[in-house]
Amino acid sequence: MSIYFPYSEKEKRLTSLHGSIEKLLYDPEQNDVHIGWLDDRSKPIIFSMARLDRVKNITGLVELYGKCAKLRETVNLVVVAGYHDVKKSKDREEIQEIEKMHELIKTYDLFGQFRWISAQTNKARNGELYRYIADTRGAFVQPALYEAFGLTVVEAMTCGLPTFATCHGGPAEIIEHGVSGFHIDPYHPDQAAALMVEFFEQSKKDPSNWIKISEGGLKRIYERYTWKIYSERLMTLAGVYGFWKFVSKLERRETRRYLEMFYILKFRELVKSVPLAVDDAH
């Protein structure tokens with residue numbers, strides 16, 4: 001069974017996981033799995049999930065949220081990333097990001113509006129988590145400074161979750177801005193925050209706005225990024241490669257032998273016909 005499918009496909013939803021997901025999001029206990037809490041459960045959730053390193057820029061998203069009072073009034077923020085305790089990490093960069101995250105929580109007093117969940121490896125539950133966030137009429141945010149492809153972007157869009165993603169790298173091609181999601185520039189966080197506020201305010205006034213972007217994202221995925229399309233493209237490329245391999249017959253060893261033959265039969269004889277240089281001084 002596919003892990004990633006639209007939130008609207010109720011008959012396929014993994015409802016048996018909803019209890020653990022609700023605990024993950026809202027349990028007030030502070031422990032190694034989750035810290036922070038959400039006071040107002042009626043607000044939509046903006047959600048992100050990634051490694052906790054500088055390039056993935058999760059702390060940049062938290063800082064963006066902390067600085068924007070209007071965004072904090074409108075939505076809650078939930079991130080799934082790394083460890084909470086620096087003692088559990090052996091990566092210097094991750095340790096710096098963990099320390100920065102704790103500092104941001106205190107600096108912007110994010111308690112009651114922000115939830116930090118440690119890295120999760122249960123893929124089935126992660127898939128249902130995207131859909132659960134969609135049930136809150138929330139959105140997915142991918143704030144990386146650069147992203148080569150954007151797998152989580154595809155996952156979120158496949159689940160029908162409106163997505164804001166970095167304009168640097170693969171997501172710029174995956175998303176059609178304003179149609180199937182939104183591009184954000186992590187180097188201009190104020191503009192990114194304003195774009196999110198605008199989207200959620202419009203969606204609150206007109207719920208069809210949220211649905212339009214959700215459906216636009218699904219349409220984009222079905223047109224460009226399904227496994228069927230990927231496999232067909234892969235087979236096409238394999239066919240093209242196989243065709244030229246068949247036509248040319250130029251494997252590496254054969255290519256070398258061909259060049260050696262060319263040198264022996266042609267080039268060496270041609271060299272003999274080239275006149276030697278004559279020094280005019282003599």
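How many helices and strands are there in the chain? The chain has eleven helices and seven strands; both are DSSP runs numbered from the N terminus, with helices (H or I) of at least four residues and strands (E) of at least two.

The structure is a predicted model, in which local features need pLDDT of at least 70 and side-chain atom pairs count only at pLDDT 80 or more, while totals for chains, interfaces and linings use all residues. Residues are numbered from 1 along each chain as its sequence is written, and side-chain values use heavy atoms, with hydrogens and water left out.

**The chain as a whole**

Of the 282 residues in the chain, 46% are buried. Buried means under 20% relative accessible area, exposed means over 50%, and partly exposed lies in between (1.4 Å probe, protein chains only). The chain exposes about 16,500 Å², of which carbon and sulfur atoms supply 57%; accessible areas come from the Shrake-Rupley method with a 1.4 Å probe, and for residues only the protein chains shown count as cover. A contact means heavy atoms within 4.5 Å. Among the contacts in the chain with a separation of 6 or more, 67% are between residues 24 or more positions apart.

**Salt bridges**

Side chains of opposite charge can pair when their charged atoms come close. A salt bridge is counted when a side-chain nitrogen of Lys or Arg is within 4 Å of a carboxyl oxygen of Asp or Glu. By this rule there are 13 salt bridges.

| Pair | N to O distance |
|---|---|
| D32 and K88 | 3.2 Å |
| D53 and R51 | 3.0 Å |
| K70 and E201 | 3.5 Å |

D32 and K88 form a salt bridge. This pair links distant parts of the chain, 56 residues apart: D32 is in the loop between helix 1 (18-26) and strand 1 (34-38), and K88 is in the loop between strand 3 (76-80) and helix 4 (92-107). D32 counts as exposed because its relative accessibility is 52%, whereas K88, at 41%, counts as partly exposed.

K70 and E201 also meet in a salt bridge. Here too the pair links distant parts of the chain, with K70 in helix 3 (residues 69-74) and E201 in helix 8 (residues 189-205), 131 residues apart. K70 is partly exposed, with a relative accessible area of 41%, and E201 counts as partly exposed at 32%.

In the pair of D53 and R51, D53 counts as buried because its relative accessibility is 12%. R51, at 54%, counts as exposed.

Salt bridges can also join into a network: R13, E128, R131 and D135 are linked in this way.
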